[in-house]
Amino acid sequence: MSIKVEHLTHIYNKGLTYETVALDDVSFEIETGAFAGIIGHTGSGKSTLIQHFNGILKPESGRIFVNGTDITEKGIKMTEIRKRVGLVFQYPEYQLFEETVAKDIAFGPTKMGLSEEEIDKRVRDAMELVSLDYDIYAGRSPFELSGGQKRRVAIAGVLAMKPEVLILDEPTAGLDPRAHREILDMLEKLHQLEGCTVILVSHNMEDMAEIADTIIVMEHGKIVLQGTPREVYEHRDLLMDIGLEPPAAMQFTRLLEEKGIKLPGSVMTMNETAEAILRLLRN
């Protein structure tokens with residue numbers, strides 16, 4: 001499932017005093033099976049962009065192709081597109097409402113008209129993917145769970161629809177460091193096991209350096225950089241100009257270079273930094 005965007009423009013409050021161009025002639029392509037990151041500060045257009053991928057928002061102009069199908073054409077059944085493109089909003093746990101975890105996860109598959117057997121299988125599979133033991137959590141109220149567990153339940157509800165593209169808007173926002181790490185590990189496992197295309201919206205540069213294959217940087221509704229994390233983070237000055245600091249590991253190696261210490265290779269994560277320091281010490 002690839003996503004291709006051509007000259008996409010979206011305007012809020014068009015023709016009014018508070019007219020805002022949220023997306024301005026945006027074009028890019030995310031290949032099938034990629035783990036793509038979209039980064040930028042609040043107001044850069046990230047959330048507006050992803051809400052076009054399953055038709056929640058309609059563009060002012062431009063086209064969006066989901067696996068070759070132009071979803072901006074008239075007559076396209078967006079209900080079918082939304083089965084294939086799953087979107088997890090910020091703080092998705094606020095959308096939990098059923099009396100048990102299993103019922104909440106089953107809501108989407110039930111609306112799809114699936115058999116009880118298939119619904120039960122999807123609930124169990126989704127809970128396994130997000131590392132929630134069915135026997136322990138299925139019958140519990142989602143409102144009794146921790147913040148990280150609630151978020152897993154909300155994500156499982158989308159996974160139970162078996163989307164081919166999974167889009168997540170700041171999925172680690174507001175979580176403590178342990179829950180933050182658990183969500184990232186879960187997403188990596190999901191991408192590896194299911195092979196679906198994952199699009200992660202975040203402003204966390206460390207997270208993107210660690211798990212994304214490709215990164216799109218947005219500012220004022222435009223794409224200002226696109227490439228692999230290593231390619232994007234080489235543009236340190238541009239990132240700093242728009243208020244995005246490179247990962248801490250890259251900042252640390254820059255400080256070392258200013259002191260005359262050059263680490264072997266190019267590092268983006270703390271693990272890579274530690275390995276580079278060890279190689280330097282061995283030499």
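The model is a predicted one, in which local features need pLDDT of at least 70 and side-chain atom pairs count only at pLDDT 80 or more, while totals for chains, interfaces and linings use all residues. Residues are numbered from 1 along each chain as its sequence is written, and side-chain values use heavy atoms, with hydrogens and water left out.

**Aromatic pairs.** I found three aromatic pairs in the structure. Phe28 belongs to strand 2 (residues 20–30) and Phe53 to the loop between helix 1 (46–50) and strand 4 (61–66), 25 residues apart; helices (H or I, at least four residues) and strands (E, at least two) are DSSP runs, numbered from the N terminus. For exposure I took buried as under 20% relative accessible area, exposed as over 50% and partly exposed as in between (1.4 Å probe, protein chains only). Phe28 is buried at 6%, and Phe53 is buried at 0%. I then looked up Tyr91 and Tyr94, which are stacked, 5.6 Å centre to centre with 10° between the planes; Tyr91 is partly exposed at 31%, whereas Tyr94 is exposed at 66%.

**Second largest pocket.** A pocket here is an open set of points on a 1 Å grid over the protein atoms alone where a 1.4 Å probe fits, with protein on both sides within 12 Å along at least five of seven lines, and lining residues have an atom within 4 Å of a point. I noted a volume of about 300 Å³ for the second largest pocket, taken as the space filled by probe spheres set on the points, which are joined across faces, edges and corners. Of its 16 lining residues, Glu234, Met250, Thr253, Glu257 and Ser266 are the closest to the centre. Helix 11 (residues 248–258) gives the largest share of this lining, six residues.

**Helix 11.** Which residues of helix 11 are buried? I listed Ala249, Met250, Thr253 and Leu256. They lie on the same side of helix 11 because they cover an arc of only 115° around the axis, the arc being that of the directions from the helix axis to the C-beta atoms. On the other side, Leu255 and Glu258 are exposed.

Methods:
Rings of Phe, Tyr and Trp (its six-membered ring) pair if their centres lie within 6.5 Å; planes under 30 degrees apart count as stacked, over 60 as edge-to-face and the rest as tilted.
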